[in-house]
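Subject: Handing over a structure, with notes on what was found

Dear colleague,

I am passing this structure on to you, and my notes follow below it. Please read them with the model open beside you.

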Amino acid sequence: MYKTVKALVLRQVRYKEADRILSLFTDSDGKMTAKARGALRKSSRSAAATQQLVYAEMNLFGNRGRWTVNEAALIEDFKGLTEDIESYALGCY
């Protein structure tokens, strides 16, 4: 089952060598978890869109209740928020 959602990445966790587990807050489904395969590789197209506190449009594939990110396109990266440590800490909280 394929689904396209706009999501805010709330949390990212490294998984294995080059994968990330993402906690997403979507506009249609609320909070959900997805796996981004190969997001830590140098040649990954979805590396920028799977960072913490980034708003992105993602194409997800669902199988047996688990979601995987197939494609991700960055909409907004909130650059000013990540440069100020106090704002970043409040945003992560």
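In these notes, contact means heavy atoms within 4.5 Å. The model is a predicted one, in which local features need pLDDT of at least 70 and side-chain atom pairs count only at pLDDT 80 or more, while totals for chains, interfaces and linings use all residues. Residues are numbered from 1 along each chain as its sequence is written, and side-chain values use heavy atoms, with hydrogens and water left out.

Let me begin with R11, to which that definition applies. R11 belongs to strand β1, where strands (E, at least two residues) are DSSP runs numbered from the N terminus. Once its neighbours within four places in sequence are left aside, R11 is in contact with I21, L22, S23 and Q52. Between the C-alpha atoms of R11 and G30, which are 19 residues apart along the chain, the separation is 14 Å.

Next come the strand pairings, for which two strands pair if DSSP finds at least two bridges between them. Strands β1 and β2 pair in the antiparallel sense over 8 bridges, and within this pairing Q12 stands opposite L22 of β2. The two strands form a hairpin with 3 residues between them. K16, placed in the loop between β1 and β2, has a positive phi of about 55° although it is not a glycine. At 65% relative accessibility K16 counts as exposed, since the term covers residues over 50%, whereas buried means under 20% and partly exposed lies in between (1.4 Å probe, protein chains only).

Strand β2 (residues 19-26) is in turn joined to strand β3 (residues 30-36) by 7 bridges, and these two strands run antiparallel. A hairpin of 3 residues leads from β2 to β3, and R20 has A36 in β3 as its bridge partner. What is the sense in which β3 and strand β5 pair, parallel or antiparallel? The pairing of β3 with β5 (residues 66-76) is in the parallel sense, over 2 bridges, and K35 stands opposite T68 of β5.

On another side of the strand order, β1 and β4 run antiparallel and are joined by 7 bridges, with Y2 standing opposite F61 of β4. These residues also bring us to the aromatic rings, of which the structure holds 1 pair. Y2 and F61 form this aromatic pair, and it is tilted, at 5.1 Å centre to centre with 50° between the planes. For such a pair, the ring centres of Phe, Tyr or Trp (its six-membered ring) lie within 6.5 Å, and planes under 30 degrees apart count as stacked, over 60 as edge-to-face and the rest as tilted. Because Y2 lies in strand β1 (residues 2-15) and F61 in strand β4 (residues 55-63), the pair ties together parts that are 59 residues apart in sequence. Y2 counts as exposed at 63% relative accessibility, whereas F61 counts as partly exposed at 29%.

The loop between β4 and β5 holds R64, a residue other than glycine whose phi has a positive value near 55°. At 81% relative accessibility, R64 counts as exposed. R66 lies in strand β5 and counts as exposed at 67% relative accessibility.

S46, in the loop between β3 and β4, is buried with a relative accessible area of 12%. Not counting residues up to four places away in sequence, S46 touches A39 and A72.

Finally, there is the question of open space. The largest pocket has a volume of about 260 Å³. On a 1 Å grid over the protein atoms alone, where a 1.4 Å probe fits, a pocket is an open set of points with protein on both sides within 12 Å along at least five of seven lines, and lining residues have an atom within 4 Å of a point. The volume is the space filled by probe spheres set on the points, which are joined across faces, edges and corners. Of the 13 residues that line this pocket, K35, R37, R66, W67 and T68 are the closest to its centre. Strands β3, β4 and β5 are the elements that give two or more residues to the lining. By class, the lining has 5 nonpolar, 4 polar and 4 charged residues, where Ala, Val, Leu, Ile, Met, Phe, Trp, Tyr, Cys and Pro count as nonpolar, Asp, Glu, Lys and Arg as charged, and the others, Gly among them, as polar.

With kind regards

Notes. Helix = DSSP H or I, 4+ residues; strand = E, 2+ residues; numbered from the N terminus.
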